[in-house]
Amino acid sequence: RGQGEQWPTLSAPSPLPAMRLIKKFKAHSQKEGAGFIVRRPIGGAHLLDSVADPFLLLDELGPVEYAKGEFPGAPWHPHRGFDTVMYLKEGEGAHRDSMGNSGVLRAGDCQWMTAASGIVHDEGRDHPGGTLHGFQCWVNLPAKHKMDPPKYQDVPSNVIPTFEPSPGVSAKVIAGTCAGVDAVVQTLVPIQYIDFVLEPKSTFEHGGESLAAELETIIVYVYSGSGAVGGTEASSGDTIVLGRNEGGGDGVILESGAEGMSALFLAGKPLREPISRHGPFVMNTREEIMQAFMDYQNGTLVRHKGTMVDFEGKDEL
């Protein structure tokens with residue numbers, strides 16, 4: 001079911017064993033792409049790759065106002081070895097790759113791109129003006145899938161499950177599951193990616209059967225408002241890293257303050273493989289990184305045209 005359909009409101013669950021706080025920090029800001037500013041909760045000095053595994057990066061762009069044609073986007077650049085996930089909250093942007101695939105992301109849409117063996121693409125162009133707000137997340141791939149053919153899952157907002165798991169709480173399930181509601185995106189690495197929006201003075205506990213024990217990495221990024229995550233006070237820009245109890249069965253309580261709170265919830269199964277990364281490439285060894293640069297320089301990085309997944313049920317090449 002998509003955004004336009006009604007999901008039943010679920011009754012509040014019994015409290016679950018609490019997760020432990022590992023770390024809390026503010027996301028730093030930096031320039032990215034063609035010079036726009038992002039907040040980066042994952043992928044900076046605050047968080048080791050081994051702690052964030054399988055997540056490599058999370059950037060928040062905006063919300064910021066742009067005139068028509070002002071936003072520069074991220075001009076042609078390559079990727080290899082991981083998934084890039086663009087989730088657009090507000091605004092619009094076009095994307096295209098060197099093999100002729102193209103599309104437009106609009107407010108609420110998500111593009112799940114498995115770069116794998118190699119993609120060269122251009123993204124974020126042709127914003128029509130107004131507010132632009134979105135997130136880009138990188139999810140690592142295991143060694144056995146790093147050289148797979150690339151694949152796109154362009155997911156329109158109206159097919160991304162969005163429902164109310166508790167009064168005053170909206171959950172948009174981009175990947176994984178929440179309160180028995182499953183995402184439409186299929187991922188190679190078991191993860192959850194949920195956008196929670198809490199109205200003022202609202203509460204929701206996520207966990208238990210909805211959070212498999214194998215999803216050992218838990219990161220919550222508060223991008224608006226304030227409240228508490230697992231009993232730890234949090235406000236816009238705070239990143240909360242939580243530790244699971246052995247065997248799972250635990251949960252995290254999200255509580256909003258007087259102004260409400262919005263947060264991205266990320267949970268993943270760690271790959272526990274060596275990580276070698278440089279710029280747009282993430283592999284397992286330095287030699288593989290050097291090979292990726294050589295392939296890009298000599299024009300052989302892109303080996304396959306990415307498959308475009310149609311969520312009407314049809315795949316197109």
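I began with Arg-286, which counts as exposed because its relative accessibility is 60%. I noted the cut-offs: buried means under 20% relative accessible area, exposed over 50%, and partly exposed in between, with a 1.4 Å probe and protein chains only. This is a predicted model, in which local features need pLDDT of at least 70 and side-chain atom pairs count only at pLDDT 80 or more, while totals for chains, interfaces and linings use all residues. Residues are numbered from 1 along each chain as its sequence is written, and side-chain values use heavy atoms, with hydrogens and water left out.

I then looked up where Arg-286 sits, and found this residue in helix 2, residues 286-297. Helices (H or I, at least four residues) and strands (E, at least two) are DSSP runs, numbered from the N terminus.

**Entry on salt bridges**

How many salt bridges does the structure hold? I found 12. A salt bridge here is a side-chain nitrogen of Lys or Arg within 4 Å of a carboxyl oxygen of Asp or Glu. Side chains of opposite charge can pair when their charged atoms come close.

I looked at Glu-92 and Arg-106, whose side chains meet in a salt bridge at 3.7 Å, N to O. Glu-92 is in strand 7 (residues 92-97) and Arg-106 in strand 8 (residues 102-106), so this pair ties together parts 14 residues apart in sequence. Glu-92 is partly exposed at 25% relative accessibility, and Arg-106 is partly exposed at 45%.

Next I took Glu-214 and Lys-269, which form a salt bridge at 3.6 Å, N to O. Glu-214 lies in the loop between strand 18 (203-207) and strand 19 (217-229), and Lys-269 in the loop between strand 22 (251-268) and strand 23 (276-278), so the pair ties together parts 55 residues apart in sequence. I read 36% relative accessibility for Glu-214, which is partly exposed, and 34% for Lys-269, also partly exposed.

In Glu-216 and Arg-272 I found a salt bridge whose closest N and O atoms are 2.5 Å apart. Glu-216 is in the loop between strand 18 and strand 19, and Arg-272 in the loop between strand 22 and strand 23, so parts 56 residues apart in sequence are tied together. Glu-216 is partly exposed at 36%, whereas Arg-272 is exposed at 59%. I also noted a network in which salt bridges with shared partners join Lys-24, Lys-26 and Asp-238.

**Entry on ring pairs**

I counted seven aromatic pairs. Rings of Phe, Tyr and Trp (its six-membered ring) pair if their centres lie within 6.5 Å; planes under 30 degrees apart count as stacked, over 60 as edge-to-face and the rest as tilted.

Tyr-87 and Phe-135 are stacked, because their ring centres are 6.2 Å apart and their planes are at 20 degrees. Tyr-87 is in strand 6 (residues 82-90) and Phe-135 in strand 11 (residues 130-140), so the pair ties together parts 48 residues apart in sequence.

Phe-196 and Phe-265 form an edge-to-face pair, 6.4 Å centre to centre with 80 degrees between the planes. Phe-196 is in strand 17 (residues 191-198) and Phe-265 in strand 22, 69 residues apart. Phe-196 is buried at 0%, and Phe-265 is buried at 0%.

Last, I noted a cluster of Tyr-87, Phe-135, Tyr-193 and Tyr-223, linked by ring pairs.
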